[in-house]
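Subject: Structure handover

Hello,

I am passing a structure on to you, with notes on what was found in it. Please look it over before reading on.

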Amino acid sequence: MIKQPSPNFDDRKGCDAPSLVVLHYTGMKDGASAIARLCDAAAKVSSHYVVEEDGRVFQLVDEAKRAWHAGKSFWRGIVDVNSHSIGIEIVNPGHEFGYRAFPEKQMQAVLTLCEGIKARYALPATAFIGHSDVAPLRKEDPGELFNWKMLAAHGIGVWPEFKAQDDEPLTFVASEKLLTTIGYDCGIDEDGLHAALRAFQRRFVQHKVTGQLDSESAKTLRAISRIS
Ligand SMILES: [Zn+2]
């Protein structure tokens, strides 16, 4: 763990300990530029941790403090996601600069870091979410190449386990209730619902990120909402 203190933090509001962990990608050319930005007082952004592609982990903000990573967000009724979460930036150029697979060493470092956080705050698996989950209309990170399935096998985030009843048909309109149960903000119109669905697919139906309700997404929605 490499200490790289950022001036960009304040006090958590309305809670003492984090109940969520938000995973991001940096979305910049390389890790060094991302860390420089996250430590630049003028940028007014930060995260608690940055995980490099080679597996090095930098700590920028103390876990007790509120880092500035989520922006305008929502999850299960929480609107000040920064106050309630730990933010982890995972180095990857992202969709804008050449989105690519997350190396094995990096994923192992993310797993170890998340396991430590999970134990420190006695968090459930459902506490681990992506930036796009809390801001579906604005964000795509960490994206459809991120290995949520591997993390879930270790209790970091959830992954579907199907039952026969999951095959029951589901209408687009009815999908809103399930997405809301899981935690998503489905917005005020169809665009919002499509965006929430797209964010869900980026995590759980990664080969089919369309924002349209297909039978595989419907089945997966039923399975995930049951364990949410
Ligand atoms: Zn992000």
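Ser 47 sits in the loop that runs between helix H1 (31-38) and strand E4 (49-51). Please keep in mind that this is a predicted model. Ser 47 counts as buried because its relative accessibility is 0%, and the cut-off for buried is under 20%. A polar atom of the Ser 47 side chain lies 2.9 Å from the backbone oxygen of Tyr 49. Leaving aside residues up to four places away in sequence, Ser 47 touches Leu 38, Leu 60, Val 61, Ala 67, His 69, Gly 87 and Glu 89.

**Helix H1**

One of those contacts, Leu 38, is also among the buried residues of H1, which are Gly 31, Ala 34, Ile 35 and Leu 38. These residues are on the same side of H1, because they cover an arc of only 95 degrees around the axis. What do the buried residues of H1 pack against? Their partners are E4, strand E5 (57-59) and strand E7 (85-90).

At the N-terminal end, H1 is capped by Asp 30. A side-chain oxygen of Asp 30 lies 3.2 Å from the backbone nitrogen of Ala 32.

**Cysteines**

How many disulfides does a search of the whole structure find? The search finds zero. Cys 114 is in no disulfide, and the nearest cysteine sulfur, which belongs to Cys 15, is 18 Å away. For a disulfide, the two sulfur atoms would have to be within 2.5 Å. Cys 114 has 0% relative accessibility and therefore counts as buried. Cys 186, at 4% relative accessibility, counts as buried too.

**The chain as a whole**

The chain holds nine helices and eight strands. Its radius of gyration is 17 Å, close to the 17 Å given by the globule rule for 228 residues, so the chain is as compact as a globular protein of that length. Along the principal axes, the C-alpha trace spans about 50 × 35 × 30 Å.

Of the 228 residues, 52% count as buried. Among contacts in the chain with a separation of 6 or more, 69% come from residues 24 or more positions apart. The chain exposes about 10300 Å², and 53% of that area is supplied by carbon and sulfur atoms.

If you want a place to begin, look at Ser 47 in its loop between H1 and E4, then follow the buried residues of H1 to the strands they pack against.

Regards

How values were computed:
Residues numbered from 1 in each chain as written. Predicted model: local features only at pLDDT ≥ 70, side-chain atom pairs only at ≥ 80, totals over all residues. Heavy atoms only, no water. Helix = DSSP H or I, 4+ residues; strand = E, 2+ residues; numbered from the N terminus. Buried < 20%, exposed > 50% of the residue type's maximum accessible area, 1.4 Å probe, protein only. Polar contact = N/O pair within 3.5 Å; in protein donor to acceptor, adjacent residues only side chain to side chain. Contact = heavy atoms within 4.5 Å. Arc of directions from axis to C-beta. Rg over C-alpha atoms; globule rule 2.2 N^0.38 Å. Areas by Shrake-Rupley, 256 points an atom, 1.4 Å probe, with all protein chains shown as cover.
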